[in-house]
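The following questions and answers examine how the parts of a protein model are joined. Each answer ends on the value or name requested.

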Amino acid sequence: MYNANPYDVIPAVIYEIIEESPTIRTLRLRPESPISFKTGQFVELTIPNIGEGPFTPSSSHYITEEMDITIMKTGFVTEYVHKARVGDTVGLRGPYGKGYPIEEWKDKNILIMGGGVGMAPTRSLFLTLLHDIDDYNSITFLAGARAPKEVIYKQHIDEWRKHDKVNFLRAVDKIPEGERWSEEVCLITKLLEKIDIDPKDNPVIVCGPPVMMKFGTLDLLEYGYADKDIYLSMEKKMYCGFGQCRHCVMGKYYACKDGPVFTYDMIKNEENIWE
Amino acid sequence: MIVKIQDFYSFLHRCQKDCLGGFKSVILPKKSQHSDDDLFFTTLSEDNDYFLDSYRTVDPIRMLFYFPREIVLPAKKSKCKRLIVGAKGCDLRALEVLDKALINDDFVDPIYNFWRENTYIISSDCMTISPSCHCNLLDGKPYAEEGFDLNLSRMDDSYYITVGSSKGEELLLLIKEHVTVSKVSPNNINSIKANRKLVEEKLRKQNKQYERTENYYDLRSVDIEKWIEASKSCIGCGGCTNICPTCYCMILNDETVTKDFVKVRSYDSCQLHGYARVAGGDTPRPKMYQRFRNRYLCKFDYMKSNFNLLGCTGCGRCIDTCPGKIEFRKVVQKMLELPRKRVSSSGMKIQESENV
Ligand code: SF4
Ligand code: SF4
């Protein structure tokens, strides 16, 4: 895989930009050569002369000629992501990490929880699962956002809800004045009370801000999920992607090459998992 | 094989001057201009104050393979064969760690790999020790047992040469071609053994006060209060990690200005606040004592599980460099003392532990 230079970058052109919310946008990219990845794996996105950062594609892994990456404006590099325009060239390296073990989930009732921009990697997973929907028993998606205007992927929701095997619930923490919302108003973890899944031997995938991951995990344990069935997408500083820089180390694991998806069982006794 | 010191140096000079064996440079320890106690790696020149037989240099050998800042994309194609002389056992053990970290199935660092392939290493026994040397507490010896191409052991006016690899055999042939070498006698071997014993004894004496249990895994369960106490005088400068022979954390910066992407790799330090900070400003270890603790856990626990090697060679450089006067040996010893409170790393459950 790393025959040439591991730091090498594939140029990619932005062919469309979707403004998902005031702070979140999706870059639609066309790389110079196709990039195959497994859903849940991540890439390093370079904004030339600014820097790079790790992002998980939000598109299905069955599409390799194009790639969607949904990015929230939170720091230095992402600020420039939000200044980028259609036609600009960015760089991609990767994919890195292990991805979701979807082959183990045949005939299962799959629960996905995506909070805020944490919906991005889980959308890739969701779209990949939808592609082979006959292989799975059901998919339940719990999506959370702070407020209605921060809810992303609004344009796709009706289409996603059309599938019989899909149950898609959305909640916002609160409705500020002047905004409208006709679905649930509660923390994403509260949505667990509205569903009925047998937690035994079924996988649940969680991706969101650290607080949601921590308290979501506690709630899922209480709901009856086993440590080994809770899949967590760890957000760490993954500079290099291949276990060199050590910034993403959590005890004996590297979030980049051993993750970024871990079962709670694997990491519960490791260092720095929620921070 | 035995070679006269004078002859050996003349061989080194010819290597560099006439490119013997294709070597373009010979690098060896030299006394610092500022302090008689400090040695630095430097390129061989006409002056002759080199010290092959003292203790380790101030700069770890890592600096010759993994530079503080280098352009990694586009890859530079260089052609250069080097000879490093006077490497120490501790630094060769550090290279073992770096080899596992930077040349493995998931990833090969092209520049590090290039220098590893194109560098020949002649190590030499330590005849003296520095006050901070403590390799003996980490199963180390004041002489190299492996990892060298050739090793030199000092006897009066000669060196006894041991071959450690096929590159070493090649090197020995080259030496034989250009200078006189003679056979070893049993007497020679005995005197080398005696020398080594003497230095080992010195080390043991020096570090007696720092002896500790070797249950390094227990570091995880040390009461946080003890780390807070131990890190009080740490100012978070990152000196200890920058000087450590096994630290290799780096950051990758993008310096692209034209169409072609340019990536620059520089050292980073887990002691700095900005290390591992994610977008939005969160950092896994906002407090100094957390970062301080991280270094010890990385050396004795994480690296051990990553590479099955300890990340500390006992070279003592971090002790010499620390402006906070933190005595690394003492900290490790203190932390491993009983009793201990067991703290789950996720912070979810805290329970008293039985005293192991
Ligand atoms: S050298 Fe000393 S003061 Fe500086 S970061 Fe290391 S332990 Fe702290
Ligand atoms: S931790 Fe200190 S004593 Fe150990 S190898 Fe690094 S610099 Fe040397």
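A salt bridge is a side-chain nitrogen of Lys or Arg within 4 Å of a carboxyl oxygen of Asp or Glu. The model is predicted, so local features need pLDDT of at least 70 and side-chain atom pairs count only at pLDDT 80 or more, while totals for chains, interfaces and linings use all residues. Residues are numbered from 1 along each chain as its sequence is written, chains are lettered from A and ligands numbered from 1 in the order in which they are written, and side-chain values use heavy atoms, with hydrogens and water left out.

Q: Which residue of chain B forms a salt bridge with Lys257(A)?
A: The interface of chain A and chain B holds three salt bridges by the rule. In one of them the side chain of Lys257(A) takes part, with 3.1 Å from N to O, and its partner is Asp106(B).

Q: What area is buried between chain A and chain B?
A: Contact means heavy atoms within 4.5 Å, and it takes 46 residues from chain A and 45 residues from chain B. Buried area is the accessible area (1.4 Å probe) that two parts lose on being put together, summed over both. Carbon and sulfur atoms give 56% of the buried area between the two chains, which is about 3,800 Å².

Q: Which element of chain A gives the most to the side that touches chain B?
A: Across this interface the rule finds 17 residue pairs in polar contact, both at pLDDT 80 or more; a polar contact is a pair of N or O atoms within 3.5 Å, where within protein one must be able to donate a hydrogen and the other to accept it, and residues adjacent in sequence count only if both atoms are side-chain atoms. Helices (H or I, at least four residues) and strands (E, at least two) are DSSP runs, numbered from the N terminus. At least two residues each come from strand S3 (42–47), strand S4 (51–55), strand S6 (89–96) and helix H4 (210–223) of chain A. With three residues, the element that gives the most is S6(A).

Q: How many residues on the side of chain A that touches chain B are charged?
A: Ala, Val, Leu, Ile, Met, Phe, Trp, Tyr, Cys and Pro count as nonpolar, Asp, Glu, Lys and Arg as charged, and the others, Gly among them, as polar. On this side 19 residues are nonpolar and 13 polar, and the number charged is 14.

Q: How far apart do the C-alpha centres of domain 1 and domain 2 of chain A lie?
A: Domain bounds come from an automatic or database domain assignment. For chain A the assignment gives domain 1 (10–96) and domain 2 (102–233). The C-alpha centres of these two domains of chain A are separated by 23 Å.

Q: Which residue meets Asp68(A) in a salt bridge?
A: Between domain 1 and domain 2 of chain A the count is two salt bridges, beside a buried area of about 1,500 Å². With 2.9 Å from N to O, the side chain that meets Asp68(A) is that of Arg123(A).

Q: Which element gives the most residues to the side of domain 1 of chain B that touches domain 2 of chain B?
A: Chain B is assigned domain 1 (2–210) and domain 2 (216–353), and the area buried between them is about 3,200 Å². The count between these domains is five salt bridges, and in one salt bridge the closest N and O atoms of Asp91(B) and Arg317(B) are 2.9 Å apart. Strand S4 (69–73), helix H2 (89–102) and helix H5 (186–207) of chain B each supply at least two residues of that side of domain 1. With ten residues, the element that gives the most is H2(B).

Q: How many charged residues does the shell around ligand 1 have?
A: A residue is near a molecule or strand if one of its heavy atoms lies within 4 Å of it. The residues around ligand 1 include Cys234(B), Cys237(B), Cys240(B) and Cys322(B). By class this shell has seven nonpolar and three polar residues, and the number of charged residues is none.

Q: How many charged residues does the shell around ligand 2 have?
A: Ligand 2 is surrounded by 13 residues, and the closest are Cys244(B), Cys312(B), Cys315(B), Gly316(B) and Cys318(B). Helix H8 (288–307) and helix H9 (317–321) of chain B each supply at least two residues of the shell. Its classes are six nonpolar and four polar residues, and the number charged is three.
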